[in-house]
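Let's take a friendly walk through this structure. Have the sequence and the 3D view ready as you read.

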Amino acid sequence: MELGIIVLVIIGGLLLFIEIDKLKKQVKSQQKQIDTLCEQTGNNQLATYHISDEDKELILHLKNSGKDVEAVKKVREITAMGLVEAKQYVDSL
């Protein structure tokens with residue numbers, strides 16, 4: 001009996017994980033669409049990954065001071081970027 005419950009919990013957990021992963025991908029796709037619309041309409045400040053000129057200046061200062069990790073942290077704090085995306089953004093400055 002206990003084994004059956006454990007198997008059901010594992011199966012339920014896997015199904016939940018799959019559904020959450022699917023929803024994350026859908027949200028990311030919608031974010032990209034919104035960002036494209038913001039760019040096309042000139043409303044970049046509404047985009048998901050918008051970084052103000054002041055923040056960009058601070059991030060660039062951190063990078064130029066050899067504080068790349070702090071710069072990446074700041075980008076992630078300001079935006080919804082993941083670690084890889086934030087690092088790529090800092091590297092592109």
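A salt bridge is counted when a side-chain nitrogen of Lys or Arg lies within 4 Å of a carboxyl oxygen of Asp or Glu. Side chains of opposite charge can pair when their charged atoms come close.

Before we look at examples, here is some background. This is a predicted model, in which local features need pLDDT of at least 70 and side-chain atom pairs count only at pLDDT 80 or more, while totals for chains, interfaces and linings use all residues. Residues are numbered from 1 along each chain as its sequence is written, and side-chain values use heavy atoms, leaving out hydrogens and water.

**Salt bridges**

| Pair | N to O distance |
|---|---|
| Glu19 and Lys22 | 3.6 Å |
| Lys28 and Glu85 | 3.4 Å |
| Lys87 and Asp91 | 3.0 Å |

The bridge between Lys28 and Glu85 links distant parts of the chain: Lys28 sits in helix H1 and Glu85 in helix H4 (residues 83–92), 57 residues apart. Helices here are DSSP runs (H or I, at least four residues), numbered from the N terminus.

The other two pairs each stay inside one helix. Glu19 and Lys22 are three residues apart in helix H1, so about one helical turn separates them. Lys87 and Asp91 both belong to helix H4, where they are four residues apart, about one turn of the helix.

How open are these residues? A residue is called buried under 20% relative accessible area, exposed over 50%, and partly exposed in between (1.4 Å probe, protein chains only). Lys22 counts as exposed because its relative accessibility is 51%. Glu19 is partly exposed at 35%, and Lys28 is partly exposed at 37%. Glu85 is partly exposed too, at 24%. Lys87 has 42% and is partly exposed, and Asp91 is also partly exposed at 42%.

**A buried lysine**

Is Lys63 buried or exposed? Lys63 is buried, because its relative accessible area is 19%. Lys63 belongs to helix H2 (residues 53–64).

**The largest pocket**

Rolling a probe the size of a water molecule over the atoms shows where empty space is left. On a 1 Å grid over the protein atoms alone, a pocket is an open set of points with protein on both sides within 12 Å along at least five of seven lines, and lining residues have an atom within 4 Å of a point. The largest pocket has a volume of about 210 Å³, where volume means the space filled by probe spheres set on the points. Residues lining the largest pocket include Lys32, Asp35, Tyr49 and His50.

Methods
On a 1 Å grid over the protein atoms alone, a cavity is a set of points where a 1.4 Å probe fits but cannot get out, and a pocket is an open set with protein on both sides within 12 Å along at least five of seven lines; lining residues have an atom within 4 Å of a point.
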